[in-house]
Structure formats: structure tokens, C-alpha cells
Amino acid sequence: MNVFSNNLKTYKDIQVKNCREARFSNGGQFFAAVNSNNIQVFNTYTCENNPNWIFKGHGGKVRALTWKDDDTGFISCGFDGAVYEWRLK
């Protein structure tokens, strides 16, 4: 199967300024977008961002993140040297 760019259409724009890192969950139902030292998690199918899914805590910019195997949360590390494990509520 081939997909050509002229066949793609925008479903919804999501406003995350200065996003430097984004990761889909293992099951694909969520994705996390990093903005400086904040992490926002969105539902992939509805593009909704639950207010409980905005994670703040890093003292510096978030450098990387990875989802847990069961998609109940993720682990992030920042330029400040901190590593956090986050859980979705």
C-alpha cells in the first residue's frame, strides 16, 4: 500500500508550542508532547487533553520520555538530571 502526501488531510491541529519531543504510547491510544519542562498527554483518537494529564515537575527542559509497557504512565528525564515516573489518573 502506498500513501501519497496529497491524499493526507488534517484531522485536528493541537497547539503545543515549542514541542521538542513527542511519543505515542505502546498501544497507540495516547501520545505525549513535551513543551520545555511540561508534558501534556493527549488521547490519540479524540485529541482531547484531560486537565489531569498535564505533568509539571522538572526543573529544566525535558530531554526524553518513554512509555511504560502497560501504558499506565511514562518515565521522563530532564536536562536537570532528574528522572520521574508519571502515572495517568
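Mentor: Asparagine 18 lies in the segment before E1. Please keep in mind that the model is predicted. The backbone of asparagine 18 has a positive phi of about 55°, although the residue is not a glycine. Asparagine 18 counts as exposed because its relative accessible area is 57%, and the cut-off for that class is over 50%. A second residue with a positive phi is serine 36, where the angle is near 60° and the residue is again not a glycine. Serine 36 is placed in the loop between E2 and E3. With a relative accessible area of 32%, serine 36 is partly exposed.

Serine 25 is buried, for its relative accessible area is 4%. Leaving out residues up to four places away in sequence, serine 25 touches Phe30, Trp67 and Asp71.

Apart from its neighbours within four places in sequence, tryptophan 67 is in contact with Arg23, Phe24, Ser25, Asn26, Phe30, Phe31, Ala32, Val41, Gly73, Phe74 and Leu88. Tryptophan 67 also belongs to the largest nonpolar core, which has 13 residues. The members that touch the most others in this core are Ile39, Val41, Phe55, Leu65, Trp67, Phe74 and Leu88. Two or more residues of the core come from each of strand E2 (30–35), strand E3 (38–43) and strand E5 (62–67). As a general matter, nonpolar side chains in soluble globular proteins tend to be buried together.

E5 leads us to a sheet. The sheet is open and has 3 strands in the order E5-E6-E7, paired in an antiparallel manner. E5 and strand E7 (83–87) are the edge strands; each has a single partner, so one side of each has no neighbour in the sheet. From one strand to the next, the twist averages 20°. Between E5 and strand E6 (residues 73–78), which run antiparallel, there are 5 bridges. Alanine 64 has cysteine 77 in E6 as its bridge partner.

A disulfide is a covalent bond between the sulfur atoms of two cysteines. The count in this model is 0 disulfides. Cysteine 47 takes part in none, and the nearest cysteine sulfur, that of cysteine 19, is 14 Å away. For cysteine 77, the closest cysteine sulfur is also in cysteine 19, at 15 Å, and this is too far for a bond. Cysteine 47 counts as buried because its relative accessibility is 11%, whereas cysteine 77, at 26%, counts as partly exposed.

These parts may now be placed in the whole protein. The secondary structure comes to 0 helices and 7 strands, which gives the pattern β-β-β-β-β-β-β along the sequence. Of the 89 residues, 33% are buried. Among the contacts with a separation of 6 or more, 32% are between residues 24 or more positions apart. The C-alpha atoms fill a box of roughly 45 × 25 × 25 Å along the principal axes. The protein exposes about 6300 Å², and carbon and sulfur atoms supply 48% of this area.

Note on methods:
Residues are numbered from 1 along each chain as its sequence is written. This is a predicted model: local features need pLDDT of at least 70, side-chain atom pairs count only at pLDDT 80 or more; totals for chains, interfaces and linings use all residues. Side-chain values use heavy atoms; hydrogens and water are left out. A nonpolar core is a set of buried Ala, Val, Leu, Ile, Met, Phe, Trp, Tyr and Cys residues joined through side-chain atoms within 4.5 Å. Buried means under 20% relative accessible area, exposed over 50%, partly exposed in between (1.4 Å probe, protein chains only). Helices (H or I, at least four residues) and strands (E, at least two) are DSSP runs, numbered from the N terminus. Contact means heavy atoms within 4.5 Å. A disulfide is a pair of cysteine sulfur atoms within 2.5 Å. Two strands pair if DSSP finds at least two bridges between them. Axes are lines fitted to C-alpha atoms, for helices over the stretch in contact, and angles run from 0 to 180 degrees between N-to-C directions. Accessible areas come from the Shrake-Rupley method with a 1.4 Å probe; for residues, only the protein chains shown count as cover.
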